[in-house]
Amino acid sequence: MKLRFRLILFIALLFWAAGIFFECIALPFNPLIIGYPFVYNTFSHVCHQDPDKLINLTCGSTLVCARCTGIYLGLLFNSTINIFVVLKIKTSLKLLALCTVPMALDVLFVVINIYPYSKAVAFTTGLLFGSILFLYLYDGLNNLIVEIQNR
Amino acid sequence: MKKYISAFVAGFGAGVLHVVPVAKSFACCLILPVASFIALLLDKKANPTYEKISMKKGAKFGLITGLYAALFGTAFDLFITLITKNNDIVSMLPELQKMIIAFPISEGLRTEVLNIFEHVRNDILQYGFSFTYTFSIIINNTVINSIVGTIGGLVGAQVINQRMNNRDNT
């Protein structure tokens with residue numbers, strides 16, 4: 001994928017990730033607060049936003065839960081690396097399963113009360129899942145661009 | 001329409017799950033990407049072929065699943081709001097107000113923002129309908145669901161193609 005497409009992908013993910021920290025971003029840019037309900041509502045489509053599961057920072061809390069924050073930051077993290085070094089990790093179902101299982105197990109263990117919800121564990125497992133998800137997304141977009149260009 | 005029946009079914013399911021609180025908290029951000037994946041799987045079952053799914057088809061199915069989910073999700077949300085005269089926005093409004101009051105902004109801006117909140121809340125409590133809320137969720141649902149659905153379709157097509165590759169190799 002050409003650098004410009006990788007940059008577009010990075011900017012889109014950066015913009016999305018910035019929305020998660022809207023409360024902190026709105027602090028120095030006060031008028032932004034008028035858009036708070038709209039941004040809050042936007043993220044309500046992609047996360048349950050349970051107040052007990054949000055990450056609390058000194059400037060405010062995230063607009064999505066710890067797990068979703070991990071997923072989106074995982075996507076952004078790999079996208080950032082991908083600007084400088086094109087990731088050539090071959091995607092496979094085993095790799096996807098390997099990175100999804102910890103998150104699925106964490107959800108399951110919390111639901112059946114084996115251990116209580118931990119933001120750190122949720123964030124870490126989400127980050128792992130998000131990182132691998134980026135590879136699939138990148139491959140998918142890459143193939144889509146090739147298909148469109150070959151038309 | 002018949003071509004996209006699987007997207008319709010999966011989109012309808014995702015739209016319903018969007019308004020079911022327990023399902024929403026369990027599946028979280030994965031409802032729509034999984035719905036797009038299911039739409040592709042259903043289509044593959046309905047039209048069996050050894051050909052790989054093109055990314056264009058994956059993206060198209062994802063987009064249409066997202067749009068159907070937005071349509072049904074919005075309709076259910078508005079319908080439930082109309083009947084119950086209550087929704088998530090009304091419930092979280094006291095929290096939002098507290099946050100705005102604590103926020104270091106000018107008095108004029110604070111009053112303006114709180115007035116908008118109050119207006120939406122009163123409309124919903126009184127009539128079960130608010131134009132601002134309706135406009136906001138239509139835009140939000142359409143844009144977010146189509147983007148997330150398309151991403152789900154692209155990733156889903158990749159996963160299905162890899163499964164086919166694995167099967168061919170064994």
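Is A:Tyr115 buried, exposed or partly exposed? A:Tyr115 is partly exposed, with a relative accessible area of 27%; buried means under 20%, exposed over 50% and partly exposed in between, with a 1.4 Å probe and protein chains only. This is a predicted model, in which local features need pLDDT of at least 70 and side-chain atom pairs count only at pLDDT 80 or more, while totals for chains, interfaces and linings use all residues. Residues are numbered from 1 along each chain as its sequence is written, chains are lettered from A and ligands numbered from 1 in the order in which they are written, and side-chain values use heavy atoms, with hydrogens and water left out.

**Interface of chain B and chain A**

- In chain B, 39 residues are in contact with 42 residues of chain A (contact means heavy atoms within 4.5 Å).
- The two chains bury about 3400 Å² between them, with 75% of it on carbon and sulfur atoms; buried area is the accessible area (1.4 Å probe) that two parts lose on being put together, summed over both.

**Elements on the side of chain B**

- Helices H2 (21-27), H4 (55-84), H5 (88-102), H6 (107-127) and H7 (131-169) of chain B each give two or more residues to the side that touches chain A; helices (H or I, at least four residues) and strands (E, at least two) are DSSP runs, numbered from the N terminus.
- H7(B) gives the most to this side, with 16 residues.

**Aromatic rings**

- Over all chains the count is 14 aromatic pairs; rings of Phe, Tyr and Trp (its six-membered ring) pair if their centres lie within 6.5 Å, and planes under 30 degrees apart count as stacked, over 60 as edge-to-face and the rest as tilted.
- The rings of A:Phe109 and A:Tyr115 are edge-to-face, because their planes stand at 75°, with the centres 5.9 Å apart.
- A:Phe109 is partly exposed, at a relative accessible area of 26%.
- B:Phe131 and B:Phe135 have ring centres 6.4 Å apart and planes at 20°, so this pair is stacked.
- Both of these residues lie in helix H7 of chain B, four residues apart, about one turn of the helix.
- B:Phe131 is exposed, with a relative accessible area of 63%, and B:Phe135 is exposed as well, with 51%.
- One aromatic cluster is formed by B:Phe8, B:Phe12, B:Tyr68, B:Phe72 and B:Phe76.
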